[in-house]
Amino acid sequence: MITIFLPALLLLPTALVLDRLFEEPRVSLHPVCWMGRAAEFFERTLRCGKNTPVGMRLRGLAALVCMEACFALPVLALVLVCAHLSPLLEFCAAALCVWLCLAPHSLARHARAVLRPLHKGDLDEARLKLSWIVGRNTKVLDAAGIARASVESVAENCTDGVLSTLFWAFAGYLLGGLPMAATLPAAQRVANTLDAMWGRKNERYLYFGCCAARLDDVFNYLPARLSLFCVTLSCPLVQGADMRQALATGLAFHAAHESPNSAWSEAAFAGALHLKLGGPAIYEGRTINHPWLGTGTPNATPADVARSIDLMLATTWTCTLLLSLILVLVRMPI
């Protein structure tokens, strides 16, 4: 009986413990970096022929299918082979694969890299470190703008880089045990990586990247909505975070963003920290008027960045424990 419950109970916590102990592999060994190189190869290979909207969509779809096949299928094969060798090997392989798709402590480390020079008043260094984690032009941001953009990055990536992986590991386990629990997060990570690379609404990627962007939206649809409640439940664990305002702001502003998923976690973070996030931002020389999320102040501070990191980590563990408990309850015989 215990062996039935242990994989369901321990899979997600084990992946998080691995992330805490080892964070991420170095760049040359990180699967996301391999995904980036593969994406560049498939784009060069398949981006040929007439530059028509239909043709570019089809080539983008072909590149997406090739990417998913190159990364998700080997993960599935690995865990299936380990399952034939021993249940322990199967569990370890699945936990390792889920860990490699997670990024909470990497996200925290990059946000703290912005926070340190911001605390010291070194805005040039803070802008440089911020440019590593956001797509906007950081050179025009003042101290409050740097802090606000940092909070926004932590809040948005809390869904894309953390909760979505946890959710699809959970869903995969329900659908097909440990092999699918490893495969679906890998598929989600491919879509998320391609969305970051190809999901831009410019002349080059408007059509070629649309399939990857839509798949990323599909993968993040349920995790984004789950994020509102996980952020809300995590507020008592973070000093100064407002639980009621997180829920109220999340419900009020969840549809305010042009993206179907981004506003759920961002609005919850805005309410929890009494901030107003979003607003105009400059991308590749163009000003994009993002809607404002929340009713607080837009003048974020370094303390707000620190609290957003704490809230993201607390949300990660809340989601992990909640999903693990559900897995055990589902596996429990009636």
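Predicted model: local features only at pLDDT ≥ 70, side-chain atom pairs only at ≥ 80, totals over all residues.
Show its neighbours: F269 touches V154, A155, C158, V231, S308, L311 and M312, leaving aside residues up to four places away in sequence.

Now widen the view to the core around this residue. The largest nonpolar core has 82 residues, and F269 is one of the four that touch the most other members, alongside L11, L166 and M312. Colour helix α7, residues 143-198, next: this helix gives the core its largest share, 23 residues. Another core lies apart from that one; it has 15 residues, including A63, M67, V190 and W198.

**Stop two: a pair of helices**

Select helix α3 (residues 53-85) together with helix α8 (residues 210-234). The two pack with their axes 7 Å apart, at an angle of about 55 degrees. How are α3 and α8 oriented to each other? They are oblique, a result that follows from this angle. To see where they meet, show R57, L61, L64 and E68 on α3, then C210, C211, A212, L215 and F219 on α8. Sorted by class, this contact has seven nonpolar residues, two charged ones and no polar ones.

**Stop three: salt bridges**

How many salt bridges does the structure hold? There are eight. Let's visit some of them.

Go to helix α11 (residues 302-331) and pick R307 and D304, which sit three residues apart, about one turn of the helix. Their side chains meet in a salt bridge, at 2.7 Å from N to O. Is D304 buried or exposed? D304 is buried, because its relative accessible area is 5%, while R307, at 25%, is partly exposed. While you are looking at salt bridges, select E43, R47 and R204 too: bridges that share partners join these residues into one network.

Next, move to helix α6 (residues 123-131) and select R127 and D124. They form a salt bridge whose closest N and O atoms are 3.0 Å apart. Because these residues are three apart in the helix, about one helical turn separates them.

Then return to helix α7 for E152 and R148, which lie four residues apart, about one turn of the helix. The closest N and O atoms of this salt bridge are 3.9 Å apart. Here E152 is buried, with a relative accessible area of 5%, and R148 is buried as well, with 14%.

**Stop four: a loop and a strand**

Select H274, found in the loop between α10 (262-272) and β1 (277-283). H274 counts as partly exposed, because its relative accessibility is 39%.

P280 is partly exposed, with a relative accessible area of 47%. Which residues does P280 touch, not counting those up to four places away in sequence? Select T287, I288, N289, H290 and W292 to see them.

For a last exercise, draw a distance from the C-alpha of P280 to the C-alpha of A241. These two residues are 39 apart in sequence and 25 Å apart in space.

Key: Residues numbered from 1 in each chain as written. Heavy atoms only, no water. Axes fitted to C-alpha atoms, helices over the stretch in contact; angles between N-to-C directions. Parallel < 35°, antiparallel > 145°, perpendicular 65-115°, else oblique. Contact = heavy atoms within 4.5 Å. Nonpolar A, V, L, I, M, F, W, Y, C, P; charged D, E, K, R; others polar. Core = buried A, V, L, I, M, F, W, Y, C linked by side-chain atoms within 4.5 Å. Buried < 20%, exposed > 50% of the residue type's maximum accessible area, 1.4 Å probe, protein only. Salt bridge = Lys/Arg side-chain N within 4 Å of Asp/Glu carboxyl O.
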